[in-house]
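The sequence and structure come first.

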Amino acid sequence: MSIINYQLSIANSQTPKGRLHSIESFGTVDGPGIRFVAFFQGCPMRCAYCHNPDTWDPLRPVQYEMTPEELLAEVKRYKNFIRKGGVTCTGGEPLLQAPFLIEFLKRCQQEGFHTAIDTSGAIFNDTVKQALQHTDLVLLDIKAIDDTLHKQLTGHTRTANQQLLDYLQQIQKPTWIRHVVVPNSTDNDAHLTALAQHIAQYTMVKRVELLPYHTMGAFKYQELGIPNPLNGIPPLSAERKQNAIQIFKNILPCPIV
């Protein structure tokens, strides 16, 4: 089944079930506070530095297949721990399962939980806009500001990502930007400066997270029998991460980490 047909099958389901790769009950890196994190299965992008290639295939066997109510019931088991944090939907790409995501986020907000979506911005349409109505915070990955480099890194153009970024500004949705800094690629002073200058135009951006490339997911490529595009590339050094942070701090007023 193609990605498009998969989206249509989910959209046409009267009681959509979410296909989840995994669940983390005490997440501390995907939004503010302690969070319940749901990792959605399926992603249209093929990022060269992805450390979760096992989340790409939307039809791969998963640990959890749940209705919005069932997933909410799981969240509520941890309500005393995440009350000052919230719920984050990540992946994979959660917006690939937007109809399920919408119903789940609605219920989370009705229960008083802070909601966040961590997205690559690979999908932008009216259904995505509807999901954003029930989202308190967006964690938006910007893979690259250069069109050619973006296509090389992800296999996709950056059109939808830019459209989503502009829409988040239009509706003034609180947003954290995430960017992976990769040696011999995005770890480039000119690239980082251009990206920081681009982000500086957007007043809804509250934080920028510069994520150092690491190799902890390399074994997954071997297990899946697929080539690792960055095989042999070393993790980003602490010095180069600090360099990237300083470049952003020189341009942006929001917190940079």
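## Strand pairing, pocket and a buried valine

In this predicted model, β4 and β5 run parallel and are joined by 3 bridges. Within that pairing, valine 87 has threonine 115 of β5 as its bridge partner. β4 also pairs with strand β2 (residues 35-40), again in the parallel sense, over 5 bridges; here valine 87 is the bridge partner of phenylalanine 36.

| Strand pair | Sense | Bridges |
|---|---|---|
| β2 and β4 | parallel | 5 bridges |
| β4 and β5 | parallel | 3 bridges |

In strand β4 (residues 86-90), 5 of the 5 residues are buried, so the strand is largely enclosed by the rest of the structure. In a regular strand, side chains alternate between the two faces of the sheet. Both faces of β4 are covered, with Gly86, Thr88 and Thr90 on one side and Val87 and Cys89 on the other.

The largest pocket has a volume of about 800 Å³. It is lined by 34 residues, of which His51, Asn52, Asp118, Arg178 and Leu211 are the closest to its centre. By class, the lining has 15 nonpolar, 9 polar and 10 charged residues. β5 (115-119), β7 and β8 (205-212) each supply at least two lining residues, and β8 gives the most, with 4 residues.

Valine 181 lies in strand β7 (residues 175-181). This valine is buried, with a relative accessible area of 1%. Beyond its neighbours within four places in sequence, valine 181 is in contact with residues including Leu192, Leu210, Leu211, Leu236 and Ala244.

Key:
Residues are numbered from 1 along each chain as its sequence is written. This is a predicted model: local features need pLDDT of at least 70, side-chain atom pairs count only at pLDDT 80 or more; totals for chains, interfaces and linings use all residues. Side-chain values use heavy atoms; hydrogens and water are left out. Buried means under 20% relative accessible area, exposed over 50%, partly exposed in between (1.4 Å probe, protein chains only). Contact means heavy atoms within 4.5 Å. On a 1 Å grid over the protein atoms alone, a cavity is a set of points where a 1.4 Å probe fits but cannot get out, and a pocket is an open set with protein on both sides within 12 Å along at least five of seven lines; lining residues have an atom within 4 Å of a point. Grid points are joined across faces, edges and corners, and a volume is the space filled by probe spheres set on the points. Ala, Val, Leu, Ile, Met, Phe, Trp, Tyr, Cys and Pro count as nonpolar, Asp, Glu, Lys and Arg as charged, and the others, Gly among them, as polar. Two strands pair if DSSP finds at least two bridges between them.
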